[in-house]
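The structure comes first, and the description follows.

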Amino acid sequence: MNKRRLVLPLLAAVLLFCPGCWSYREISSTTFVSGAAVDLDPLGGYILTAEIIDFSQTTLESGPKSSVITTRGATIAEAADNIMRSVGEKPYWSHAAAFIVSRDAAEAGITPLLDFMMNNIDTCLTASVLVSALPTAQEVFELKSVENGVISYEIRSILEENADYSQTISDFVYTVIGDLASGGVCAALPTVSSYEQNEERFIDIAGCALFDGDRMVSQLDAYETARLLALRNRLGEYTLDVRLSDGNLYTLRLLRSETARRPVRLDDGTLRVCVDVKADTVVTSAPSIDMLTHPASYVELERAAEAKITDELSGLVSRLQQSGLDAPGFGTLFSKSMPEVYAPLSADWGQAFRTLDVVVSADVRVTKSSAGPAILTPSG
């Protein structure tokens, strides 16, 4: 009993020194930014549209909703500060998942946006940066959400899914900053547009924008982006249509692929990159299931698929070389494995990339699906 009388006053004294939650605020009264769109202001400076999570509408069934606030400023940081003046409290950027930049702002240079994200202590560097294929970046937040009421979070979800199926590039901010700093690779950002269904417009993310330094200079569609991912050894699942010599069309699904990239310097001083693609595929569409009962059919399919992959990857490399855009990142390979070769070329690697000898080969294995012939559909 005496011990209890001694302990209780000691506990009371300890509580006096506990800080507690003196700065506690209701979550519904806090301004959380889920994403933002950056447009150039025709009058000068920037237009910043921030998507704000609206917890006041949150329900167990629908989850959080969002609203948007648009401000202007001579810089992106000034426009962000004006959000605080609009809502009367400091916005929190730590939950921001996506930053969309308009095409004209991307062509002018994305360094101002990256500077803002780097210098804003609240900004999460695992957010994604996208280029809007719509007339403005702000219009992305006018699209309809399918999964939830927060456009930025749906963009992140679509990015993750489409990257798995080789529809687009999916990189975080810190990766983009690293690409710009290295000089041995052309930075690439996913592009966001829209599609219409039942008279409503929804988010569509496919293809990518290519940059020379921090300025957007070109664009690849979804099909070309899949080939770029193969050159980068980041290819996920995707389909490949192959037409054989008899005119019959087959569709293969690539389940697994690996791209080995070897930089070499030949005896005559020529720089070469050997790109070797290995892929496991299954047939998902064929004119006749009977044709697939013959081993020779698989051999012919494999050779035809190898030839198509080789031609398409070589063709994309040639197109990129004409523009001096090393989107596959071959310069990075030389900088890591042959720094003494890369160093004198680093100041103008884009020019060296134009004459780089790139040799592509493919090794395709066509296997029967474990699901059997039932997965096959007729092809035209």
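## Overall make-up

Helices here are DSSP runs of H or I with at least four residues, strands are runs of E with at least two, and both are numbered from the N terminus. By that rule, the secondary structure of the chain comes to eleven helices and 13 strands. The model is predicted.

The chain has 380 residues, and 46% of them count as buried. Its accessible surface is about 19300 Å², with 53% belonging to carbon and sulfur atoms. Taking contacts between residues at least 6 apart in sequence, 66% join residues at least 24 apart.

## The largest pocket

The largest pocket holds about 340 Å³ of space. Its lining consists of 20 residues, and those nearest the centre are Gly183, Asp212, Gly213, Gly324 and Gly350. Sorted by class, the lining has seven nonpolar, eight polar and five charged residues.

Three elements each supply at least two lining residues: helix 6 (173–182), strand 8 (200–212) and helix 11 (349–354). The largest share, four residues, comes from helix 11.

## Enclosed cavities

Rolling a probe the size of a water molecule over the atoms shows where empty space is left. Counting cavities of 30 Å³ or more gives two. The largest cavity has about 50 Å³ of space. It is lined by Ala226, Arg227, Ala230, Leu235, Tyr238, Leu254, Val277, Ile309 and Leu313. Helix 7 (222–231) and helix 8 (295–323) are the elements that give two or more residues to this lining, and helix 7 gives the most, with three residues. The lining of the largest cavity has eight nonpolar residues, no polar residues and one charged residue.

The second largest cavity contains about 40 Å³ of space. Val38, Tyr46, Ile76, Val101, Ala105, Gly109, Ile110, Pro112 and Leu113 form its lining. By class, the lining of the second largest cavity divides into eight nonpolar, one polar and no charged residues.

## Asp41 in its loop

Asp41 sits in the loop between strand 1 (31–40) and strand 2 (46–59). Is Asp41 buried or exposed? The relative accessible area of Asp41 is 11%, and buried means under 20%, so Asp41 is buried.

Apart from neighbours within four places in sequence, Asp41 is in contact with Tyr46, Ile47 and Arg72. Tyr46 is also among the residues that line the second largest cavity.

## Aromatic pairs

The count of aromatic pairs comes to eight. One of them joins Phe32 and Tyr92, with 5.9 Å centre to centre and 40° between the planes, and is tilted. This pair links distant parts of the chain, as Phe32 belongs to strand 1 and Tyr92 to strand 4 (residues 91–92), 60 residues apart. Phe32 counts as buried at 14% relative accessibility, whereas Tyr92 is partly exposed at 28%.

In a further pair, the ring centres of Phe330 and Phe353 are 6.4 Å apart and the planes lie at 45°, so the pair is tilted. This pair also links distant parts of the chain: Phe330 is in helix 9 (residues 330–337) and Phe353 is in helix 11, 23 residues apart. Both Phe330 and Phe353 are buried. Helix 11, which holds Phe353, is the element with the largest share of the lining of the largest pocket.

Elsewhere, ring pairs link Trp93, Phe99 and Phe116 into a cluster.

Key. Residues numbered from 1 in each chain as written. Predicted model: local features only at pLDDT ≥ 70, side-chain atom pairs only at ≥ 80, totals over all residues. Heavy atoms only, no water. 1 Å grid on protein atoms, 1.4 Å probe; cavity = no way out; pocket = protein on both sides within 12 Å on 5 of 7 lines; lining within 4 Å. Points joined across faces, edges and corners; volume = space filled by probe spheres on them. Nonpolar A, V, L, I, M, F, W, Y, C, P; charged D, E, K, R; others polar. Buried < 20%, exposed > 50% of the residue type's maximum accessible area, 1.4 Å probe, protein only. Contact = heavy atoms within 4.5 Å. Areas by Shrake-Rupley, 256 points an atom, 1.4 Å probe, with all protein chains shown as cover. Phe/Tyr/Trp six-rings, centres within 6.5 Å; stacked < 30°, edge-to-face > 60°.
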